[in-house]
Amino acid sequence: MMLVPVIALLALSGQAQPTAAVRIKDTAYARVARAQAIARESSIHSAVSASNARVESPELIGRRDALWMANPRDPLRQEIVQAPCSARVREMVKDDPLVVEAFVMNDRGTLVCSMAATSDYWQGDEAKWQNTYADGKPVFIDQPALDMSSNAFGVQLSVLVKDGGKAAGALTLTLKVPR
């Protein structure tokens with residue numbers, strides 16, 4: 001979580017590690033245009049709009065999230081991973097070997113599309129959604145960490161999904177990086 005101060009300390013000490021940290025961030029920034037293109041894709045945008053139009057109370061989200069985490073065969077997992085927008089996300093990232101996870105969230109932070117099942121359904125309590133959709137940042141790159149869903153050490157790049165210039169959801173790409 002304190003990567004920036006560590007980078008500064010390492011840079012001051014003359015060690016080579018900041019180069020790796022800078023490369024990780026550069027890897028993520030190099031994919032911002034791709035992430036934004038996916039977020040603008042009409043089928044993704046339509047799926048987010050349709051999801052936002054459905055009523056889903058916080059209690060229902062909590063129940064769905066608990067079932068999702070407890071049951072790898074939860075029908076909602078299958079419904080999302082097999083959705084047409086999920087197939088489109090898979091298609092749009094298939095040529096990038098560093099993308100190990102890609103998913104789209106709605107205005108409540110719940111999954112709309114995902115190239116594979118994630119570890120949880122509700123992403124609204126996580127930095128990727130809070131720093132994009134909730135805070136309105138067009139781009140957010142998290143600190144590198146072990147991603148439980150993809151079981152890879154990675155960095156998450158998140159961008160806003162917009163509807164007429166207004167935030168409608170968020171898209172996250174998890175990029176595999178060396179430890």
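Residues are numbered from 1 along each chain as its sequence is written, and side-chain values use heavy atoms, with hydrogens and water left out. Because the model is predicted, local features need pLDDT of at least 70 and side-chain atom pairs count only at pLDDT 80 or more, while totals for chains, interfaces and linings use all residues. Helices (H or I, at least four residues) and strands (E, at least two) are DSSP runs, numbered from the N terminus. Buried means under 20% relative accessible area, exposed over 50%, and partly exposed in between (1.4 Å probe, protein chains only).

**Disulfide**

- Cys 85 and Cys 113 form the disulfide, with an S to S distance of 2.0 Å.
- The torsion about the S-S bond is about -110°, so the disulfide is left-handed.
- Cys 85 is buried at 6% relative accessibility, and Cys 113 is buried at 0%.

**Aromatic pairs**

- Rings of Phe, Tyr and Trp (its six-membered ring) pair if their centres lie within 6.5 Å; planes under 30 degrees apart count as stacked, over 60 as edge-to-face and the rest as tilted.
- Trp 68 and Tyr 121 make a tilted pair, 5.6 Å centre to centre with 35° between the planes.
- Trp 68 lies in helix H5 (residues 58-70) and Tyr 121 in the loop between S2 and H8, so this pair ties together parts that are 53 residues apart in sequence.
- Both Trp 68 and Tyr 121 are buried.
- The ring centres of Trp 129 and Tyr 133 are 5.1 Å apart and the planes are at 25°, so this pair is stacked.
- Trp 129 and Tyr 133 both sit in helix H8, 4 residues apart, about one turn of the helix.
- Trp 129 is buried at 10% relative accessibility, whereas Tyr 133 is partly exposed at 22%.

**Thr 132**

- Beyond its neighbours within four places in sequence, Thr 132 has contacts (heavy atoms within 4.5 Å) with residues including Phe 140, Ser 158, Val 159, Leu 160 and Ala 170.
- Ser 158 is 26 residues from Thr 132 in sequence, and the C-alpha to C-alpha distance is 6.8 Å.

- Two strands pair if DSSP finds at least two bridges between them.
- In strand S5 (residues 152-163), 9 of the 12 residues are buried, so the strand is largely enclosed by the rest of the structure.
- Strand S3 (residues 139-141) runs antiparallel to S5 and is joined to it by 3 bridges, with Val 139 partnered by Val 159.
- Strand S4 (residues 145-147) also pairs with S5 in the antiparallel sense, over 3 bridges, and Ala 145 stands opposite Gly 154.
- The hairpin of S5 and S6 has 2 residues between the strands, and in it Gly 164 takes a positive phi near 60°.

Methods
A disulfide is a pair of cysteine sulfur atoms within 2.5 Å.
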